[in-house]
Amino acid sequence: LTLMSESLRNDGRIWVPKSLDETRAAADIPESERDYYLERKYPSYGNLAPRDIASRAAKQVCDEGLGVGPGGLGVYLDFSEATQRLGINVIRERYGNLFDMYNRITGEDPYKVPMRIYPAVHYTMGGLWVDYNLMSTIPGLFVGGEANFSDHGANRLGASALMQGLADGYFVLPMTVGDYLAKHRQSRVTLDHPAVAEAINEVKARNQKLLSINGKRTVDSFHRELGKIMWEYCGMARTDASLRKALSLIAPLREEFWQNVKVPGENNELNQELEKAGRVADFIELGELMCRDALQRNESCGGHFREEYQTPEGEAQRDDSGYQYVAAWKWEGAKTAQTLVKEPLDFEYVHPSQRSYK
């Protein structure tokens with residue numbers, strides 16, 4: 001299986017067999033027995049429905065038992081109609097490199113048979129407003145990469161995530177942040193400042209703790225286990241039960257991590273395993289926070305889809321009156337529930353409205 005590509009969806013048509021017990025090859029299934037479900041559900045957008053909508057729809061048909069390929073975890077991305085309409089040379093010019101990669105991975109020729117794809121988890125991005133220098137409405141607060149609105153709008157553009165991160169990080173922010181600091185010079189914070197000393201000591205203590213555990217499990221094994229928990233219970237579609245399940249699994253995983261992780265190497269040299277361990281420790285806390293945040297949000301909106309909150313047609317059911325605020329979670333410690341801090345939002349001119357791709 002391969003990830004759904006936005007560029008491939010320009011000309012490919014997505015479908016699954018209509019029959020639950022279909023065993024024929026894709027080419028042997030007649031048109032009348034194919035469900036082009038994106039075109040059926042979203043006639044105005046069809047195969048170009050936004051990524052979060054298309055991803056959730058693919059998961060739904062697979063959950064219903066209509067998926068294709070090993071395990072039934074795929075849908076077809078078919079270029080036969082586009083090839084007939086445009087010619088194989090045009091298709092090869094547009095998608096040849098992607099087709100070649102798919103062929104090497106699967107051994108199947110997408111010029112002759114439909115691709116089998118399945119969506120990864122994707123999130124609507126939105127992003128904060130920034131000016132030409134990537135500074136937000138808060139003086140001195142700069143926003144780079146996908147966190148700002150500049151390239152993405154409401155949904156991430158295909159293949160632009162890394163590009164924007166590199167462009168902002170390498171070229172834009174070093175110039176604009178430096179210029180801002182030069183014009184707003186403050187008194188210098190020295191290394192012996194109490195806050196600096198406290199931060200340095202905390203990092204040193206955590207590094208020493210990670211190195212001293214000398215357990216039996218690798219950092220990667222904890223990373224994989226947490227990723228599996230997040231994918232299965234806090235993925236494209238969540239429920240109250242699945243989120244509570246995730247929380248019940250993350251807590252003991254954290255305990256085992258701090259008792260049984262093995263981090264080789266030393267603290268006085270470049271140690272990528274130590275760096276990775278610190279990031280996984282942070283990922284555990286972030287994963288738990290994501291689950292808690294999703295659990296208290298009893299609505300569906302954008303990349304957050306709670307199965308209990310959907311319309312009869314399976315679309316996201318929002319609750320603008322109940323969740324019309326901006327929020328942040330206050331850290332209260334590893335074994336203490338974080339505190340949700342809210343600030344109400346007032347819309348005077350542009351009011352929230354439900355989107356539709358019908």
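1. Of the 358 residues in the chain, buried residues make up 37%, where buried means under 20% relative accessible area, exposed over 50% and partly exposed in between, with a 1.4 Å probe and protein chains only. The model is a predicted one, in which local features need pLDDT of at least 70 and side-chain atom pairs count only at pLDDT 80 or more, while totals for chains, interfaces and linings use all residues. Residues are numbered from 1 along each chain as its sequence is written, and side-chain values use heavy atoms, with hydrogens and water left out.

2. On the overall form, the C-alpha trace of the chain spans about 75 × 55 × 45 Å along its principal axes, and the secondary structure comes to 9 helices and 8 strands, these being DSSP runs numbered from the N terminus (helices H or I, at least four residues; strands E, at least two). Among contacts (heavy atoms within 4.5 Å) between residues at least 6 apart in sequence, 61% join residues at least 24 apart. The accessible surface of the chain is about 21,000 Å², and 54% of this belongs to carbon and sulfur atoms, as computed by the Shrake-Rupley method with a 1.4 Å probe, where for residues only the protein chains shown count as cover.

3. The largest nonpolar core has 27 residues, and Tyr37 and Val75 are those with the most contacts inside it; such a core is a set of buried Ala, Val, Leu, Ile, Met, Phe, Trp, Tyr and Cys residues joined through side-chain atoms within 4.5 Å. Two or more residues of this core come from each of S1 (13–17), H1 (37–41), H2 (51–63), S3 (75–78), H4 (88–106) and S4 (115–117), with H2 giving the most, 6 residues. Leaving aside residues up to four places away in sequence, tyrosine 37 touches Ile14, Trp15, Val16, Ala57, Ala58, Val61 and Val75. Another core, of 25 residues, lies apart from this one and has Met230, Leu247, Leu274 and Ile284 among its members.

4. Helix H4 deserves a careful look. Its 19 residues have end C-alpha atoms only 20 Å apart, short of the 27 Å that a straight helix would reach at 1.5 Å a residue, the expected span being 1.5 Å times one less than the number of residues. A kink of about 80° in H4 is centred on tyrosine 95, the bend at a residue being the angle between axes fitted to the seven residues ending there and the seven starting there. Ile91, Tyr95, Gly96, Phe99 and Tyr102 are buried in H4, and the buried residues of this helix pack against H3 (80–86) and S4. Glycine 107, with a positive phi near 80°, follows H4.

5. Aromatic pairs number 12, counted where ring centres of Phe, Tyr and Trp (its six-membered ring) lie within 6.5 Å, with planes under 30 degrees apart taken as stacked, over 60 as edge-to-face and the rest as tilted. The rings of tryptophan 15 and tyrosine 36 have centres 6.2 Å apart and planes at 45°, so this pair is tilted. Because tryptophan 15 lies in strand S1 and tyrosine 36 in the loop between S2 (34–35) and H1, the pair ties together parts that are 21 residues apart in sequence. Tryptophan 15 is buried at a relative accessible area of 0%, and tyrosine 36 counts as buried at 10%.

6. Phenylalanine 79 and tyrosine 95 form a further tilted pair, their ring centres 5.5 Å apart and their planes at 55°. Phenylalanine 79 lies in the loop between S3 and H3 and tyrosine 95 in H4, so the pair ties together parts 16 residues apart in sequence. Both residues are buried, and ring pairs link Phe79, Tyr95, Phe99 and Tyr111 into a cluster.
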